[in-house]
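Thanks for coming. Please have the sequence and the view open.

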Amino acid sequence: MTRHYINTLPRDTLRNIGIMAHVDAGKTTLTERILFNTGRIHKIGDVHHGNTTTDSRSVEQKHGITISAAATSCDWKGCHVTILDTPGHVDFTIEVERSLRVLDGAVAVFSAVAGVEPQSETVWHQADRYDVPRLCFINKMDSLGADYLRCADMIRDQLGATPLIVQLPIGTEDSFRGVVDIVSMTAWLWQDMQAREVAIPQEMQMAASDARSVLIEQLADLDEDCAMLWLEGQDVSAEALNGIIRRVCLAGQAAPVLCGSAFRNIGVQPLLDAIIAWCPSPFDRPPVKGINPETGAEAERSPDVEAPLTGLVAKVQITKFGPMATLRLYSGTLAKGQNVLIPSDMATERVGRILRMHADQSQDMDMAQAGDVVSVTGLKSVKAGDTFCDPKSPILLDGLTCPDPVIEAVIEPVSSTDQEKLGSTLANMAREDPSLRLSSDPETGQILISGMGELHLQICLEELFESYGIKAQLGRPRVAYREALTSVASIDHTLRKQTGGPGQFARIKLRLEPPHEGESGLVFESEITGGSIPSDYIPAVKKGLELAIQEGPINGFPLIGLRAVLEDGAFHPNDSSAVAFERAARDAFRLAALQAKPVILEPLMRVEVKSPAEHVGSVIGDLSARRAQIVGTHQDKTGHDITAHVPLAEMFGYVGKLRSLSSGRATFSMVFEGYSKAPTNADYTNKQVN
């Protein structure tokens, strides 16, 4: 049955949120409890049993982790909430990136024991980049070593955020049984997963009153209305306090902090209330900005159903019925059978079905509109990050920021009969996952697959077999090295070739510089004046440089980034062409790059190890042998935390070594930190990891 859902809802009753965290913080369990409490499901699944709603793929159930962001939705107290459960493992960080790109708010989940972990920082800063308002949920308050206030301090100190303590836990560890709501000054207790509202326990009334005073003082520093009430000594009602918290949360000035135990269903209902009260609706968000692809002028679209259609493709999945794209509509309406423009290549496509997703299930819709996150069929050529819009009002939005792979390996089928099928299947998988890259070995012609880590490539291998029936194997992993220029180099290069017919002539004067902080890829500028190079040829220079930086001057590794300034040049009225200027740019780069003191860079990982005290010396000694730089150590009642920066080339097989050193008691996590200069005496000829 087709459902006309959104059209019947007021503007302020929509919420699009993501659940984000470090791996094993409890995101999927929390999502499962949210769906149960809202009546979306009637039987609670469990991550360890592989039967949760959002981890529906067999490979996710096998590993007990979320691999791809799954969309679902539910209703709570008159509001419709779309939820994206995102992965917590660093290898699948692109899923968080594209989810945050199209969401309005997020719930950051933290373990009450571990607090802020490496991937917690990564996803938090991803949300910073897209100005996504956040709530914080301190999960696992019933676990040994849980410390609510320590986690709040870590959010402030390590994430640079302003945490607002809006709840206090009643009990801790195995005695945790409820929360005190500082805003309404009431309490909630849970028994057998059922909640009941009660008065604040006598022994906590003073602590709750003090916490409320601190909360109001914090808000007075952030909000003028609250400051006036506070200065005048007036009491701030729960209703007023809710409005103030919502304003500062939407402005990104602070993040309310709540707590609970998702597994025991404690604190989930108050979290749902907080999502409705403090997270933005799509219509609270500012207009999206882009450019008109026809004129190059800036353009923007307000979140209005009457505005021209504008949206972004967050994800593409290849199904047996063809590509299915997950879209976010920022403005206008989208109907079945409607033609939309894909401005990146100025192609027009026709929308097939419009679907509201619930994990791997779907529900047909006739129409979607501004604020919706839906899936559609029929858009055959789109990819993640593409804009779609009204053909009569074109606009091109910023796409997705996709991290560069850090590891690659040869992949080949076990059976030669699968060779052709393997290539096309991998191409489809790379279309679904922008962080998965394909290339070929120039010497052997074998397929090279690049990704974000060992697990990423292993999951790809399993997915090939389980979803497509292709049994493949990986060669030894290779580190994805990069090259960089460390100084400025200038060159005045002339391409002059005469072969009897029309010749090739192009003169360009280039200045090559290292990229500025935060830049990657090619940053190209033209200072051409007076027509020394016709404007039609300047894009060819840029194209030549884009191709050239794929092979650095030392070992042929891609450049991490380059600033190139076209200062001057010359052309010939008969012998010059775009092809000539493109070739001249490639040649000029190869000659000038060697003068710019190039270096080889290796991926550097931030590694955090939690070890029992008796094994700390062995762990640090082993890390030092791996060329690690120890950043810091911290001791708490659960053990020692060791933070180090370690070259990725030294971290393969570390899980087995760490288990051996600690008798299986130590654990570690690892996220990409950046690039550092690689040793000059290393052998990079095959990029193999020893």
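Which residues lie nearest the centre of the largest cavity? They are Leu14, Asn16, Thr82, Gly371 and Asp372, from a lining of 10 residues. Before going further: this is a predicted model, and every value I give is computed from it.

The structure holds one cavity of 30 Å³ or more. The space in the largest cavity comes to about 40 Å³. As for what surrounds it, two elements give two or more residues to the lining, namely β1, residues 14-21, and β3, residues 79-85. β1 gives the most, with three residues. By type, the lining has three nonpolar, four polar and three charged residues. As background, rolling a probe the size of a water molecule over the atoms shows where empty space is left.

Next, Ala370. Ala370 sits in the loop between β21 (367-369) and β22 (373-377). Is Ala370 buried or exposed? Its relative accessible area is 1%, and under 20% counts as buried, so Ala370 is buried. Leaving out residues up to four places away in sequence, Ala370 touches Phe283, Pro303, Asp304 and Val305, and also Leu329, Tyr330, Ser331 and Gly332. For a distance across the model, take Ala370 and Leu648: they are 278 residues apart along the chain, and their C-alpha atoms are separated by 43 Å.

Now a helix pair. Helix α8 covers residues 238-250 and helix α9 covers residues 268-278; they pack at an angle of about 75°, with axes 9 Å apart. Angles of 65 to 115 degrees count as roughly perpendicular, and α8 and α9 are therefore roughly perpendicular to each other. Which residues meet there? From α8 there are Asn242, Ile245, Arg246, Cys249 and Leu250, and from α9 there are Ile276, Ala277 and Trp278. That contact divides into six nonpolar residues, one polar and one charged.

Last, two backbone points. Most residues other than glycine have a negative phi. Lys140 has a positive phi, near 60°. Lys140 is in the loop between β5 (134-139) and α5 (148-159). With 27% relative accessibility, Lys140 counts as partly exposed. The other one is Glu173, with a positive phi of about 50°, and again not a glycine. Glu173 belongs to the loop between β7 (167-170) and β8 (178-181).

That is the list. I'll take questions now.

Technical notes. Residues numbered from 1 in each chain as written. Predicted model: local features only at pLDDT ≥ 70, side-chain atom pairs only at ≥ 80, totals over all residues. Heavy atoms only, no water. Axes fitted to C-alpha atoms, helices over the stretch in contact; angles between N-to-C directions. Helix = DSSP H or I, 4+ residues; strand = E, 2+ residues; numbered from the N terminus. Parallel < 35°, antiparallel > 145°, perpendicular 65-115°, else oblique. Contact = heavy atoms within 4.5 Å. Nonpolar A, V, L, I, M, F, W, Y, C, P; charged D, E, K, R; others polar. 1 Å grid on protein atoms, 1.4 Å probe; cavity = no way out; pocket = protein on both sides within 12 Å on 5 of 7 lines; lining within 4 Å. Points joined across faces, edges and corners; volume = space filled by probe spheres on them. Buried < 20%, exposed > 50% of the residue type's maximum accessible area, 1.4 Å probe, protein only.
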